[in-house]
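Let's go through this protein together, one question at a time. Have a look at it before reading on.

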Amino acid sequence: MAIDERVIVETVTGMGLAGNEEGLIPAFGLYLTNHYADFYNRISFGVLGALVRENPELTEDAVALLTEAAHVCAFHTFGGIMSSVEWDALVQPMIESREDWVLGMMAVVNAFGWGRFRVAELLPGERLVVELRDSYESSGYLESYPQADGPRCFLANGGMAGLMNLVYQGDITRRPTLTEELYREVFSDPRSFRSHERLCAAKGDSHCEFVVERMQG
């Protein structure tokens, strides 16, 4: 593989990314948000807790809602980054294969400080296994709640599926316009990717781990 993660991380962290007076970070052709990780955690875990308390039978629906939000976020955020002039200048010259799009995006994510992501397995077009240490979702959960009875990294989990769908289902390499119609087409395809958080530090595992596979193999 040609991706040099060290160079990508050093370059992105050296870009001086910071929020403006509105809390927005204009970079990679889009607006990233600048806020505390616990702000997101309070909202997502609060939604989950409220729904489960009021209607325990809605637990799976609550998880599905949070996962869907992550799919939408990944589609626009990762897709925007991989269509940006910054990507073209920094990552594109290192790309030799479609799999390098996955590895390059993972390096950019590591530069953002959302945790330490590592690709443990990448079967082209079929399967991705990612390990995550220092997840702000799992560590944030444990700061406020007792050990969970299930995985809690909803954003990272949905994000991994979003990345595989962008690369292998939506073909981000052809730079499609990231419309709502394309989102529905990509994610509603019966062979689109879904992610399962097999391990999660919030439920006592040593780290978090995501397995991304097609819904119909």
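A salt bridge here is a side-chain nitrogen of Lys or Arg within 4 Å of a carboxyl oxygen of Asp or Glu. Keep in mind that this is a predicted model, where local features need pLDDT of at least 70, side-chain atom pairs count only at pLDDT 80 or more, and totals for chains, interfaces and linings use all residues. Residues are numbered from 1 along each chain as its sequence is written, and side-chain values use heavy atoms, with hydrogens and water left out.

Q: Which residue does Arg 175 meet in a salt bridge?
A: Look for a carboxyl oxygen within 4 Å of a side-chain nitrogen. The N to O distance for this pair is 2.6 Å. The partner of Arg 175 is Asp 88.

Q: How many residues apart are Arg 175 and Asp 88?
A: Helices (H or I, at least four residues) and strands (E, at least two) are DSSP runs, numbered from the N terminus. Arg 175 is in the loop between helix H7 (154-169) and helix H8 (180-188), while Asp 88 is in helix H4 (residues 85-90). So the pair links distant parts of the chain, and the spacing is 87 residues.

Q: Is Asp 88 buried, partly exposed or exposed?
A: Buried means under 20% relative accessible area, exposed means over 50%, and partly exposed is in between (1.4 Å probe, protein chains only). Asp 88 has 33% relative accessibility. That value falls in between, so Asp 88 counts as partly exposed.

Q: Which helix holds both Arg 6 and Glu 10?
A: The side chains of Arg 6 and Glu 10 meet in a salt bridge, at 3.3 Å from N to O. They sit four residues apart, about one turn of the helix. Both lie in helix H1 (residues 5-13).

Q: Where does Asp 134, the salt-bridge partner of Arg 116, lie?
A: The closest N and O atoms of Arg 116 and Asp 134 are 2.9 Å apart. Arg 116 is in strand S3 (residues 116-123), 18 residues from Asp 134. Asp 134 is in the loop between strand S4 (127-133) and helix H6 (136-144).

Q: Which residues are joined with Arg 127 into one salt-bridge network?
A: Salt bridges can share partners, and that is how this network is joined. Besides Arg 127, the network has Glu 121 and Glu 213.

Q: What is the bridge partner of Leu 199 in S6?
A: Two strands pair if DSSP finds at least two bridges between them. Six bridges join strand S5 (residues 193-199) to S6, and these strands run antiparallel. In S6, the partner of Leu 199 is Glu 209.

Q: How many of the seven residues of strand S6 are buried?
A: S6 covers residues 208-214. Six bridges also join S4 to S6, running antiparallel. The strand is mostly covered, and its buried residues number six.

Q: Which helix gives the largest share of the lining of the largest pocket?
A: On a 1 Å grid over the protein atoms alone, a pocket is an open set of points where a 1.4 Å probe fits, with protein on both sides within 12 Å along at least five of seven lines; lining residues have an atom within 4 Å of a point. The lining of the largest pocket has 42 residues, with Thr 33, His 35, Trp 114, Tyr 136 and Leu 155 nearest its centre. Eight residues of that lining come from the helix we want, H3.

Q: What is the volume of the largest pocket?
A: Grid points are joined across faces, edges and corners, and a volume is the space filled by probe spheres set on the points. For the largest pocket, that comes to about 1,000 Å³.

Q: Is Asp 171 buried or exposed?
A: Asp 171 lies in the loop between H7 and H8. Its phi is positive, about 50 degrees, although Asp 171 is not a glycine. With a relative accessible area of 19%, Asp 171 is buried.
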